[in-house]
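Reader: I would like a close look at a single part of this model, with the terms spelled out as you go. Please take me through the surroundings of one residue and then widen the view to the positions that a record groups with it.

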Amino acid sequence: MADLLRLLLRVAEKAANVARVCRQEAPLFQLLVQEKTGDDKNKKFVQDFKTLADVVIQEVIRHDVGAQFPEMAGFIHGEESNKFENGLGESVTVTVCRTEEETAALLSTVLDGDHTAASLLARAIHQDPATVDTSTDGLTVPLSPSELGIWIDPIDATSQYIEGREEVLEEGHLSPSGLHCALVLIGVYLRSTGEPVMGVINQPFNHKDPAGGGWRGKHFWGVSCGSINVCSVSRPKDGTGRGLSVVLSSSEKQVVKEALTSLCGPDKLVYASGAGYKILCVIQGLADAYVLSEGSTFKWDSCAPHALLRALGGGIVDLSKTLQSNVGPQDHMTELTYHQPHTECKGADRWANHGGLVAYRDCSQLCSIIGALKGKL
Ligand code: 2IP
Ligand code: CA
Ligand code: CA
(Lines give C-alpha, C1' and ligand atoms only; values in the text may rest on other atoms or scores of the structure.)
(Ligands and ions follow the chains in the order given, each with its own letter.)
Protein backbone atom coordinates (compact mmCIF):
# COMPACT_ATOMS: atom_id res chain seq x y z
CA MET A 1 0.00 0.00 0.00
CA ALA A 2 2.91 2.33 -0.65
CA ASP A 3 0.76 3.79 -3.44
CA LEU A 4 -1.82 4.82 -0.81
CA LEU A 5 0.92 6.68 1.08
CA ARG A 6 2.02 8.47 -2.10
CA LEU A 7 -1.59 9.40 -2.87
CA LEU A 8 -2.12 10.75 0.66
CA LEU A 9 1.03 12.86 0.41
CA ARG A 10 -0.18 14.28 -2.91
CA VAL A 11 -3.72 14.97 -1.72
CA ALA A 12 -2.43 16.52 1.53
CA GLU A 13 -0.32 18.89 -0.58
CA LYS A 14 -3.39 19.76 -2.63
CA ALA A 15 -5.23 20.39 0.65
CA ALA A 16 -2.40 22.67 1.78
CA ASN A 17 -2.71 24.61 -1.49
CA VAL A 18 -6.40 25.17 -0.80
CA ALA A 19 -5.60 26.33 2.73
CA ARG A 20 -2.98 28.78 1.40
CA VAL A 21 -5.23 30.13 -1.39
CA CYS A 22 -7.99 30.82 1.15
CA ARG A 23 -5.66 32.89 3.30
CA GLN A 24 -3.93 34.68 0.47
CA GLU A 25 -7.19 36.11 -0.87
CA ALA A 26 -8.26 38.41 1.95
CA PRO A 27 -11.82 39.11 0.71
CA LEU A 28 -12.31 35.39 0.10
CA PHE A 29 -11.13 34.59 3.60
CA GLN A 30 -13.67 37.00 5.10
CA LEU A 31 -16.41 35.12 3.32
CA LEU A 32 -15.30 31.79 4.58
CA VAL A 33 -15.87 31.96 8.29
CA GLN A 34 -19.08 30.49 9.56
CA GLU A 35 -19.98 29.64 13.11
CA LYS A 36 -20.63 26.04 14.11
CA THR A 37 -23.94 25.14 15.71
CA GLY A 38 -25.61 22.12 17.25
CA ASP A 39 -24.08 18.80 18.25
CA ASP A 40 -20.95 19.18 16.15
CA LYS A 41 -19.92 22.14 18.23
CA ASN A 42 -16.56 21.61 19.86
CA LYS A 43 -17.40 22.33 23.46
CA LYS A 44 -13.94 23.75 24.04
CA PHE A 45 -14.53 26.99 22.24
CA VAL A 46 -17.26 29.49 22.83
CA GLN A 47 -17.05 30.27 19.18
CA ASP A 48 -15.69 27.54 17.02
CA PHE A 49 -15.36 28.32 13.37
CA LYS A 50 -16.08 26.15 10.47
CA THR A 51 -14.56 27.41 7.31
CA LEU A 52 -15.42 26.54 3.80
CA ALA A 53 -11.73 25.72 3.44
CA ASP A 54 -12.21 22.95 6.02
CA VAL A 55 -15.16 21.43 4.23
CA VAL A 56 -13.60 21.76 0.79
CA ILE A 57 -10.31 20.21 1.91
CA GLN A 58 -12.02 17.24 3.52
CA GLU A 59 -14.09 16.64 0.38
CA VAL A 60 -11.02 16.86 -1.88
CA ILE A 61 -9.28 14.20 0.19
CA ARG A 62 -12.38 12.00 0.34
CA HIS A 63 -12.91 12.37 -3.40
CA ASP A 64 -9.34 11.62 -4.50
CA VAL A 65 -8.86 8.65 -2.16
CA GLY A 66 -12.29 7.20 -3.01
CA ALA A 67 -11.55 7.52 -6.73
CA GLN A 68 -8.27 5.58 -6.56
CA PHE A 69 -9.35 3.12 -3.84
CA PRO A 70 -13.10 2.47 -4.22
CA GLU A 71 -12.93 -0.19 -1.45
CA MET A 72 -12.20 2.62 1.01
CA ALA A 73 -14.96 5.00 -0.09
CA GLY A 74 -17.36 4.19 2.77
CA PHE A 75 -14.61 4.36 5.38
CA ILE A 76 -13.23 7.85 4.91
CA HIS A 77 -14.31 9.94 7.88
CA GLY A 78 -13.48 13.42 9.00
CA GLU A 79 -14.26 16.25 11.33
CA GLU A 80 -16.51 18.18 8.99
CA SER A 81 -19.88 17.53 7.48
CA ASN A 82 -20.15 18.58 3.83
CA LYS A 83 -23.38 20.51 4.35
CA PHE A 84 -22.71 24.21 4.21
CA GLU A 85 -25.12 27.05 4.69
CA ASN A 86 -24.76 30.18 2.57
CA GLY A 87 -25.66 33.75 3.48
CA LEU A 88 -29.21 33.24 2.25
CA GLY A 89 -29.79 30.37 4.67
CA GLU A 90 -29.73 27.76 1.88
CA SER A 91 -28.05 24.47 2.60
CA VAL A 92 -25.58 23.31 -0.05
CA THR A 93 -23.77 19.97 -0.13
CA VAL A 94 -20.16 20.63 -1.05
CA THR A 95 -18.67 18.00 -3.36
CA VAL A 96 -15.85 17.83 -5.86
CA CYS A 97 -17.39 17.70 -9.35
CA ARG A 98 -16.06 16.16 -12.57
CA THR A 99 -14.69 19.41 -13.97
CA GLU A 100 -13.20 22.58 -12.53
CA GLU A 101 -16.06 24.62 -14.06
CA GLU A 102 -18.75 22.47 -12.42
CA THR A 103 -17.00 22.67 -9.05
CA ALA A 104 -16.71 26.46 -9.44
CA ALA A 105 -20.43 26.70 -10.20
CA LEU A 106 -21.32 24.67 -7.11
CA LEU A 107 -18.95 26.64 -4.85
CA SER A 108 -20.38 29.85 -6.21
CA THR A 109 -23.76 28.97 -4.66
CA VAL A 110 -22.03 28.57 -1.27
CA LEU A 111 -20.21 31.86 -1.77
CA ASP A 112 -23.40 33.80 -2.51
CA GLY A 113 -22.53 34.11 -6.18
CA ASP A 114 -18.94 35.30 -5.79
CA HIS A 115 -17.54 33.76 -9.00
CA THR A 116 -14.00 35.08 -8.55
CA ALA A 117 -13.66 33.41 -5.16
CA ALA A 118 -15.33 30.19 -6.38
CA SER A 119 -13.03 29.95 -9.41
CA LEU A 120 -9.91 30.46 -7.31
CA LEU A 121 -10.93 27.63 -5.00
CA ALA A 122 -11.98 25.32 -7.82
CA ARG A 123 -8.62 25.84 -9.51
CA ALA A 124 -6.74 24.78 -6.38
CA ILE A 125 -9.02 21.74 -6.02
CA HIS A 126 -8.52 20.51 -9.58
CA GLN A 127 -4.86 21.43 -9.97
CA ASP A 128 -2.26 18.71 -9.61
CA PRO A 129 0.04 19.73 -6.77
CA ALA A 130 3.76 20.12 -7.32
CA THR A 131 5.43 16.71 -6.99
CA VAL A 132 6.13 15.99 -3.39
CA ASP A 133 9.50 14.50 -2.66
CA THR A 134 8.60 11.37 -0.75
CA SER A 135 11.56 8.98 -0.76
CA THR A 136 9.14 6.08 -0.38
CA ASP A 137 10.93 4.03 -3.06
CA GLY A 138 11.28 0.40 -2.11
CA LEU A 139 8.73 0.69 0.67
CA THR A 140 6.20 -2.16 0.72
CA VAL A 141 3.23 -2.08 3.07
CA PRO A 142 1.44 -5.44 3.46
CA LEU A 143 -2.09 -4.06 3.79
CA SER A 144 -5.08 -4.02 1.47
CA PRO A 145 -7.53 -1.13 1.05
CA SER A 146 -10.50 -3.26 2.18
CA GLU A 147 -8.91 -3.55 5.68
CA LEU A 148 -8.42 0.20 6.15
CA GLY A 149 -10.28 3.31 7.26
CA ILE A 150 -9.25 6.99 7.24
CA TRP A 151 -9.59 9.93 9.64
CA ILE A 152 -9.17 13.45 8.26
CA ASP A 153 -8.76 16.72 10.11
CA PRO A 154 -8.72 19.09 7.13
CA ILE A 155 -7.32 21.92 9.27
CA ASP A 156 -6.28 21.41 12.86
CA ALA A 157 -5.82 24.56 14.99
CA THR A 158 -8.47 26.46 13.03
CA SER A 159 -8.25 29.37 15.47
CA GLN A 160 -4.57 29.87 14.60
CA TYR A 161 -5.39 29.49 10.90
CA ILE A 162 -8.04 32.20 11.15
CA GLU A 163 -5.98 34.53 13.34
CA GLY A 164 -3.11 34.09 10.89
CA ARG A 165 -0.15 35.36 12.92
CA GLU A 166 3.12 34.83 11.07
CA GLU A 167 6.06 33.49 13.05
CA VAL A 168 9.58 32.78 11.88
CA LEU A 169 10.36 29.25 13.03
CA GLU A 170 13.71 28.66 14.64
CA GLU A 171 15.33 25.31 13.88
CA GLY A 172 14.96 22.98 16.87
CA HIS A 173 12.58 25.28 18.74
CA LEU A 174 8.93 24.98 19.53
CA SER A 175 6.89 28.09 18.64
CA PRO A 176 3.76 28.21 20.81
CA SER A 177 1.26 29.78 18.43
CA GLY A 178 0.80 31.14 14.93
CA LEU A 179 -0.02 29.94 11.44
CA HIS A 180 2.54 27.12 11.59
CA CYS A 181 0.32 25.35 14.17
CA ALA A 182 -2.33 24.77 11.48
CA LEU A 183 -1.94 21.26 10.05
CA VAL A 184 -3.63 18.95 7.56
CA LEU A 185 -3.90 15.53 9.23
CA ILE A 186 -4.69 12.27 7.39
CA GLY A 187 -4.53 9.06 9.44
CA VAL A 188 -5.13 5.46 8.31
CA TYR A 189 -6.26 2.75 10.75
CA LEU A 190 -7.04 -0.97 10.63
CA ARG A 191 -10.79 -1.52 10.61
CA SER A 192 -10.46 -4.76 12.63
CA THR A 193 -8.36 -3.52 15.56
CA GLY A 194 -8.44 0.27 15.26
CA GLU A 195 -4.61 0.52 15.25
CA PRO A 196 -3.18 3.52 13.40
CA VAL A 197 -0.96 2.19 10.61
CA MET A 198 -0.16 5.16 8.37
CA GLY A 199 -0.14 8.92 8.82
CA VAL A 200 0.50 12.02 6.75
CA ILE A 201 0.89 15.49 8.26
CA ASN A 202 1.15 18.55 6.05
CA GLN A 203 2.13 21.90 7.58
CA PRO A 204 0.95 24.40 4.92
CA PHE A 205 2.62 27.44 6.53
CA ASN A 206 6.08 26.22 7.45
CA HIS A 207 8.13 29.10 6.04
CA LYS A 208 7.98 32.00 3.63
CA ASP A 209 9.67 31.59 0.28
CA PRO A 210 12.77 33.85 0.53
CA ALA A 211 12.22 34.90 -3.10
CA GLY A 212 8.83 36.37 -2.16
CA GLY A 213 6.71 33.54 -3.54
CA GLY A 214 4.48 33.26 -0.47
CA TRP A 215 4.14 30.45 2.04
CA ARG A 216 5.80 27.07 1.63
CA GLY A 217 4.78 23.90 3.43
CA LYS A 218 6.45 20.85 4.86
CA HIS A 219 5.24 17.26 5.11
CA PHE A 220 5.84 14.37 7.46
CA TRP A 221 4.76 10.72 7.15
CA GLY A 222 5.01 7.40 8.91
CA VAL A 223 4.02 3.76 8.47
CA SER A 224 3.75 1.31 11.33
CA CYS A 225 2.46 -2.17 10.69
CA GLY A 226 3.92 -5.41 11.96
CA SER A 227 7.67 -5.32 11.59
CA ILE A 228 7.57 -2.34 9.22
CA ASN A 229 8.20 0.92 11.03
CA VAL A 230 9.27 3.78 8.81
CA CYS A 231 9.05 7.50 9.47
CA SER A 232 10.16 10.52 7.42
CA VAL A 233 11.44 12.08 10.66
CA SER A 234 14.44 10.34 12.16
CA ARG A 235 14.23 9.43 15.80
CA PRO A 236 15.60 12.36 17.79
CA LYS A 237 18.72 11.64 19.86
CA ASP A 238 17.87 10.70 23.42
CA GLY A 239 19.01 13.56 25.56
CA THR A 240 19.74 11.46 28.63
CA GLY A 241 20.43 13.72 31.57
CA ARG A 242 18.74 16.62 29.82
CA GLY A 243 15.51 16.15 31.80
CA LEU A 244 12.05 15.42 30.56
CA SER A 245 10.14 18.16 28.69
CA VAL A 246 6.36 18.15 28.32
CA VAL A 247 4.11 20.24 26.06
CA LEU A 248 0.63 21.17 27.29
CA SER A 249 -2.43 23.15 26.28
CA SER A 250 -2.44 26.55 27.97
CA SER A 251 -5.84 25.59 29.39
CA GLU A 252 -4.46 22.48 31.14
CA LYS A 253 -5.55 21.91 34.77
CA GLN A 254 -3.47 23.36 37.58
CA VAL A 255 -3.00 19.96 39.31
CA VAL A 256 -1.49 18.54 36.15
CA LYS A 257 0.85 21.52 35.76
CA GLU A 258 1.96 21.15 39.40
CA ALA A 259 2.52 17.38 39.23
CA LEU A 260 4.54 17.75 36.03
CA THR A 261 6.54 20.69 37.41
CA SER A 262 7.63 18.41 40.29
CA LEU A 263 8.67 15.77 37.76
CA CYS A 264 10.35 17.91 35.09
CA GLY A 265 11.13 21.27 36.64
CA PRO A 266 9.36 24.55 35.78
CA ASP A 267 11.34 25.41 32.66
CA LYS A 268 10.60 22.03 31.09
CA LEU A 269 6.87 22.64 30.73
CA VAL A 270 5.96 24.40 27.50
CA TYR A 271 2.65 25.45 26.01
CA ALA A 272 1.50 25.35 22.40
CA SER A 273 -1.67 25.59 20.31
CA GLY A 274 -3.14 22.79 18.26
CA ALA A 275 -3.49 19.19 19.32
CA GLY A 276 -1.83 18.02 16.09
CA TYR A 277 1.00 20.55 16.43
CA LYS A 278 1.72 19.42 20.01
CA ILE A 279 2.00 15.79 18.88
CA LEU A 280 4.19 16.91 15.96
CA CYS A 281 6.49 18.58 18.52
CA VAL A 282 6.87 15.19 20.24
CA ILE A 283 7.54 13.49 16.87
CA GLN A 284 10.25 16.05 16.06
CA GLY A 285 11.81 15.86 19.52
CA LEU A 286 10.94 19.48 20.39
CA ALA A 287 9.22 18.02 23.48
CA ASP A 288 9.34 14.53 24.96
CA ALA A 289 5.63 14.17 25.64
CA TYR A 290 2.23 15.84 25.32
CA VAL A 291 -0.15 15.42 28.25
CA LEU A 292 -3.85 16.30 28.00
CA SER A 293 -6.18 15.56 30.91
CA GLU A 294 -9.41 16.47 29.13
CA GLY A 295 -11.49 14.86 26.41
CA SER A 296 -11.11 17.82 24.06
CA THR A 297 -9.42 16.00 21.18
CA PHE A 298 -10.99 13.67 18.65
CA LYS A 299 -10.00 10.65 16.53
CA TRP A 300 -9.23 12.96 13.58
CA ASP A 301 -6.76 14.95 15.74
CA SER A 302 -4.66 12.02 16.89
CA CYS A 303 -4.84 9.26 14.25
CA ALA A 304 -2.24 10.58 11.78
CA PRO A 305 0.42 11.74 14.26
CA HIS A 306 -0.16 8.55 16.32
CA ALA A 307 0.99 6.45 13.35
CA LEU A 308 4.23 8.49 13.10
CA LEU A 309 4.90 8.12 16.83
CA ARG A 310 4.40 4.35 16.63
CA ALA A 311 6.83 4.17 13.74
CA LEU A 312 9.37 5.89 16.03
CA GLY A 313 8.74 3.41 18.88
CA GLY A 314 6.34 5.60 20.85
CA GLY A 315 2.58 5.98 20.88
CA ILE A 316 -0.46 7.71 22.37
CA VAL A 317 -2.28 6.24 25.39
CA ASP A 318 -5.64 7.06 26.92
CA LEU A 319 -4.60 8.91 30.08
CA SER A 320 -7.50 7.98 32.32
CA LYS A 321 -7.40 4.27 31.35
CA THR A 322 -3.64 4.19 31.90
CA LEU A 323 -3.98 5.76 35.35
CA GLN A 324 -6.58 3.13 36.31
CA SER A 325 -4.77 0.18 34.79
CA ASN A 326 -2.90 -2.35 36.89
CA VAL A 327 -0.59 -3.42 34.10
CA GLY A 328 2.15 -0.99 33.09
CA PRO A 329 1.66 1.31 30.09
CA GLN A 330 4.45 -0.63 28.33
CA ASP A 331 1.87 -3.41 27.71
CA HIS A 332 0.17 -1.18 25.11
CA MET A 333 -3.27 -2.10 26.47
CA THR A 334 -4.34 1.51 26.71
CA GLU A 335 -3.16 2.86 23.32
CA LEU A 336 -5.86 4.90 21.57
CA THR A 337 -7.81 3.06 18.87
CA TYR A 338 -9.80 4.51 15.98
CA HIS A 339 -12.59 2.12 14.97
CA GLN A 340 -15.23 2.31 17.71
CA PRO A 341 -17.53 5.24 18.51
CA HIS A 342 -18.85 6.06 21.98
CA THR A 343 -22.37 4.97 21.13
CA GLU A 344 -23.85 6.72 24.16
CA CYS A 345 -22.71 10.13 22.87
CA LYS A 346 -23.99 12.41 20.14
CA GLY A 347 -22.32 14.35 17.33
CA ALA A 348 -18.58 14.94 17.49
CA ASP A 349 -18.42 13.53 21.05
CA ARG A 350 -18.95 10.01 19.66
CA TRP A 351 -15.38 10.22 18.43
CA ALA A 352 -13.74 12.15 21.28
CA ASN A 353 -10.63 10.86 23.03
CA HIS A 354 -12.67 11.11 26.24
CA GLY A 355 -10.03 9.99 28.71
CA GLY A 356 -7.43 12.57 27.71
CA LEU A 357 -4.09 11.34 26.38
CA VAL A 358 -0.33 11.13 26.67
CA ALA A 359 1.70 11.20 23.43
CA TYR A 360 5.26 9.91 23.93
CA ARG A 361 8.31 8.64 22.07
CA ASP A 362 9.87 6.72 24.91
CA CYS A 363 8.08 4.17 27.07
CA SER A 364 10.16 4.80 30.19
CA GLN A 365 9.33 8.52 29.98
CA LEU A 366 5.65 7.60 29.68
CA CYS A 367 5.99 5.51 32.86
CA SER A 368 7.52 8.47 34.77
CA ILE A 369 4.69 10.74 33.67
CA ILE A 370 2.01 8.23 34.66
CA GLY A 371 3.79 7.78 38.01
CA ALA A 372 3.75 11.53 38.60
CA LEU A 373 0.04 11.85 37.76
CA LYS A 374 -1.21 8.77 39.67
CA GLY A 375 -3.69 9.73 42.37
CA LYS A 376 -3.72 13.39 41.27
CA LEU A 377 -6.67 13.29 38.84
C1 2IP B 1 -8.68 21.67 18.06
C2 2IP B 1 -7.35 22.38 18.04
C3 2IP B 1 -7.15 23.07 19.36
C4 2IP B 1 -7.05 22.06 20.49
C5 2IP B 1 -8.29 21.17 20.46
C6 2IP B 1 -8.57 20.56 19.08
O7 2IP B 1 -8.98 21.23 16.76
O8 2IP B 1 -6.27 21.52 17.80
O9 2IP B 1 -6.02 23.86 19.28
O10 2IP B 1 -6.97 22.76 21.71
O11 2IP B 1 -8.11 20.13 21.38
O12 2IP B 1 -9.75 19.81 19.11
P13 2IP B 1 -5.57 23.23 22.38
O14 2IP B 1 -4.87 24.11 21.39
O15 2IP B 1 -5.96 23.91 23.66
O16 2IP B 1 -4.82 21.96 22.57
P17 2IP B 1 -9.70 22.19 15.63
O18 2IP B 1 -8.90 23.42 15.48
O19 2IP B 1 -9.65 21.27 14.44
O20 2IP B 1 -11.11 22.44 16.11
CA1 CA C 1 -8.67 19.28 15.27
CA1 CA D 1 -10.27 20.96 12.21
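Author: Leaving aside neighbours within four places in sequence, Ile 155 is in contact with Ala 19, Ala 53, Asp 54, Ile 57, Tyr 161, Ala 182 and Val 184, where contact means that the C-beta atoms of two residues, placed from the backbone, lie within 7 Å. This is a predicted model, in which local features need pLDDT of at least 70 and side-chain atom pairs count only at pLDDT 80 or more, while totals for chains, interfaces and linings use all residues. Residues are numbered from 1 along each chain as its sequence is written, and chains are lettered from A and ligands numbered from 1 in the order in which they are written.

Ile 155 lies in strand β6, strands being DSSP runs of E of at least two residues, numbered from the N terminus. With 29 C-beta neighbours inside 10 Å, Ile 155 counts as buried; a residue is buried if 20 or more other C-beta atoms lie within 10 Å of its own, exposed if 12 or fewer, and partly exposed in between.

Strand β6, residues 148-156, also holds Asp 153, which is buried with 30 other C-beta atoms within 10 Å. Not counting residues up to four places away in sequence, Asp 153 touches Gly 78, Glu 79, Leu 185, Gly 276, Trp 300 and Asp 301.

In an unreviewed entry, UniProt lists Glu 79, Asp 153, Ile 155, Asp 156 and Asp 301 under "binding site". Although these positions are spread over 223 residues of sequence, they cluster in space, the largest C-alpha distance being 9.6 Å. UniProt positions follow the numbering used here, feature names are shortened, and annotations may be inferred rather than shown by experiment.

Technical notes:
Helix = DSSP H or I, 4+ residues; strand = E, 2+ residues; numbered from the N terminus.
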